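Open the model in your viewer and keep the selection tool at hand. The tour goes stop by stop, starting at a single residue.

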Amino acid sequence: MSKLETNTIDTVSGTSTLQVGSTNTSTITLGVSGDTVNVPSGVTIANSGTATGFGGTNTPNFRAYLTGNQSISNATITRITFDTESYDTDNAFDTSTNIFTVPSGQGGKYYCYTQVRKNNFSGVRCEVTMRLVGGSTDFLTGELGNLAGNSYSTLSTSAVLELTAGQQLECVFYHNDGSGKSILGGAKDTYFGAYKIIE
């Protein structure tokens, strides 16, 4: 293998396309560890191939939902038992505990969302909230509804939350209808999800 040392590579006069590598080339390496590859302002990068290793993905991400109706006691903050997943890229949601745990090395900002559908009851006060599990039970985001009349109405809430690896998130529901009531199961009715935001 030989080494070429120069300051500038350019095309020959009369041509405008410069090609690096040809039929014998399988890998082209630019620089070594610690180098900066500079693309000046005004330069256009046109990609017709497959780009890998650039940007990021919105993972971890998951979506879980309640399959059957869940009974909620009167005036009792109750964790919602999301028992089935639509998807879960990092196995971060546990359907046995109904808790989302931020995976190791995956701290950051997450878009989190949840919805609950009532099973035909009123409730002077109904509330769905997301909160941290253990240590702090602060409500991070929620929706409170003063809902008159029997109804199948939904309550939903969402927020961008700054979460660290190992932190756990749950969704809880509260009502004060006077006796035990239930929330509706179904993938489109009562669900919980989150995904990491690319920064």
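**Stop 1: two asparagines.** Select Asn 91. Asn 91 is exposed, at 68% relative accessible area. Exposed means over 50% relative accessible area, buried under 20%, and partly exposed in between (1.4 Å probe, protein chains only). Asn 91 sits in the loop between β4 (84-88) and β5 (93-94). Its phi is near 50°, a positive value in a residue other than glycine.

Before moving on, note the ground rules. This is a predicted model, where local features need pLDDT of at least 70, side-chain atom pairs count only at pLDDT 80 or more, and totals for chains, interfaces and linings use all residues. Residues are numbered from 1 along each chain as its sequence is written, and side-chain values use heavy atoms, with hydrogens and water left out.

Now select Asn 120, in the loop between β7 and β8 (126-132). Asn 120 also has a positive phi, about 60°, and is not a glycine. Asn 120 counts as partly exposed, at 34% relative accessibility.

**Stop 2: a cis bond.** Select Thr 59 and Pro 60. The peptide bond joining them is cis, with omega about 5°. Pro 60 lies in the segment before β1. For context, most residues other than glycine have a negative phi, and most peptide bonds are trans.

**Stop 3: the whole chain.** Zoom out and colour by secondary structure. The chain has 13 strands and zero helices. Strands (E, at least two residues) and helices (H or I, at least four) are DSSP runs, numbered from the N terminus. The radius of gyration is 26 Å, well over the 16 Å that the globule rule gives for 199 residues, so the chain is more spread out than a compact globule. That radius is taken over C-alpha atoms, and the rule is 2.2 Å times the number of residues to the power 0.38. Along the principal axes, the C-alpha atoms fill a box of roughly 85 × 35 × 30 Å. Of the 199 residues, 33% count as buried.

**Stop 4: the rings.** Select the aromatic side chains. The whole structure holds nine aromatic pairs. Phe 62 and Phe 100 form a stacked one, 4.9 Å centre to centre with 25° between the planes. Rings of Phe, Tyr and Trp (its six-membered ring) pair if their centres lie within 6.5 Å; planes under 30 degrees apart count as stacked, over 60 as edge-to-face and the rest as tilted. Phe 62 is in β1 (residues 61-65) and Phe 100 in β6 (residues 99-101), 38 residues apart. Phe 62 is buried at 1%, and Phe 100 is buried at 1%. Ring pairs link Phe 62, Phe 82, Phe 93, Phe 100, Tyr 110 and Phe 192 into a cluster.

**Stop 5: strand β7.** Select residues 108-117. Seven of the 10 residues of β7 are buried. Which strands pair with β7? Antiparallel β10 (residues 154-163) is joined to β7 by 10 bridges. β13 (residues 191-196) pairs with β7 over six bridges, also antiparallel. Pairing takes at least two DSSP bridges between two strands. Tyr 111 has Val 160 as its bridge partner in β10.

**Stop 6: Gln 115.** Stay in β7 and select Gln 115. Gln 115 counts as buried, at 12% relative accessibility. Its bridge partner in β13 is Tyr 191. A polar atom of the Gln 115 side chain lies 3.1 Å from the backbone oxygen of Lys 188.

How values were computed:
Polar contact = N/O pair within 3.5 Å; in protein donor to acceptor, adjacent residues only side chain to side chain.
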